[in-house]
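Hi everyone, thanks for coming.

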Amino acid sequence: MITGNATAAHMGQEPGTADWRRLWRDAVTDPRELLALLGLEHLADDVLPRLDTGFALRVPRGFVARMRHGDARDPLLLQVLPQAAELDAVPGFGLDAVGDMNARAALGVLHKYQGRALLIATGSCAVNCRYCFRRHFPYAEQTAAANRWHEAIAHLRADTSIDEVILSGGDPLSLSTAKLAELSDALAPLAHLRRLRIHTRLPVVLPERVDREFTAWLKQLPWPVAIVLHANHANELDANAATACARLRETGAQLLNQSVLLRGINDDADTLAELSSRLFDCGVLPYYLHQLDRVAGAAHFAVGDDEARALVNALRERLAGYLVPRLVREIAGEAHKTPL
Ligand SMILES: *Cc1c(COP(=O)(O)O)cnc(C)c1O
Ligand code: SF4
């Protein structure tokens, strides 16, 4: 019970009153400050003055609190700290790694796979992950946010083969719950929709986002809901993230997780096994383990396909089948994520 009380206190006495917007704005954006918070000031002079990666540091303080003090190889730190290696040009790593520019079906809609369409609800994220393909995609022009839902909704209405809408981004939970409600109200009349899916990293990186207003919205949706979280390492899933997952589960939503296989962060069997176990503790099933999208600036995170397969085989030998994620790569132009 001590854990439960501590969690409630940290997340605000009354779930729902924690001001996630304030926590959002209060994120660390200065690499020097991040290193100082972790007792790693001495690294700043080496790497930082030369870095202009064009993709800013951004990380909520609650996520920083889960990093190990004094450890430059901390798996959470490495996900967010700009590195000199990002400036290397590596053949095969480009700007539109997964063919998003060709998959635009309408403003803010990516339609690659049969039956499901992805709505880019916003370009914003609470955290900037160094390996993310988003670092180059021109989201500012491509989101369906603000008052530009119409074209996206019109496409989803017209194509009755779409039975699942995926809210994505950016991170769709960057939007206010009122905005999300506007969106779900606009989708509700579409009789061919059977499911709503939400891809979000916020319950992990800023668990306070899962407040009462948000869970009330989830509960009243007219479709079964799948929420795909994004955690890459068990250390991301602290007591606050677990509380957020519990609140999401109470709404009846199905919780899944996708991870990216990342060199130096989660590229060993012990780490991946612990991630799966910890996810299940939180009521979340592992869904995909993604091979890195080949985006410029992220090549230093890449793990070879043979090594990736060997890792997942090692997981199969030691975990229940439902704790083994599907190893996939996204290949532009394919009809589905490609199993490896
Ligand atoms: C990954 C992705 C999906 C979801 O694919 P699933 O295999 O159903 O998880 C849907 N649309 C787009 C554009 C995607 O990139
Ligand atoms: S889209 Fe997801 S992986 Fe990319 S920066 Fe945002 S939270 Fe990170």
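Start with Gly 170, which sits in the loop between β4 (164–168) and α9; helices here are DSSP runs of H or I with at least four residues, strands are E runs of at least two, and both are numbered from the N terminus. The peptide bond from Gly 169 to Gly 170 is cis, with omega near 15°. For context, most peptide bonds are trans.

A quick note: this is a predicted model, where local features need pLDDT of at least 70 and side-chain atom pairs count only at pLDDT 80 or more, while totals for chains, interfaces and linings use all residues. Residues are numbered from 1 along each chain as written, chains are lettered from A and ligands numbered from 1 in written order, and side-chain values use heavy atoms, leaving out hydrogens and water.

On to ligand 1. Which residues are around ligand 1? Among them are Leu 110, Tyr 113, Ile 166, Tyr 287 and Glu 330, counted when a heavy atom lies within 4 Å. Now the polar contacts, meaning N or O pairs within 3.5 Å. Oxygen atoms of ligand 1 lie 2.7 Å from a polar side-chain atom of Arg 116, 2.8 Å from a side-chain N or O of Arg 197 and 2.6 Å from one in Tyr 288. Alone, ligand 1 exposes 390 Å², and the protein buries 91% of that (Shrake-Rupley, 1.4 Å probe).

Key. A polar contact is a pair of N or O atoms within 3.5 Å; within protein, one must be able to donate a hydrogen and the other to accept it, and residues adjacent in sequence count only if both atoms are side-chain atoms.
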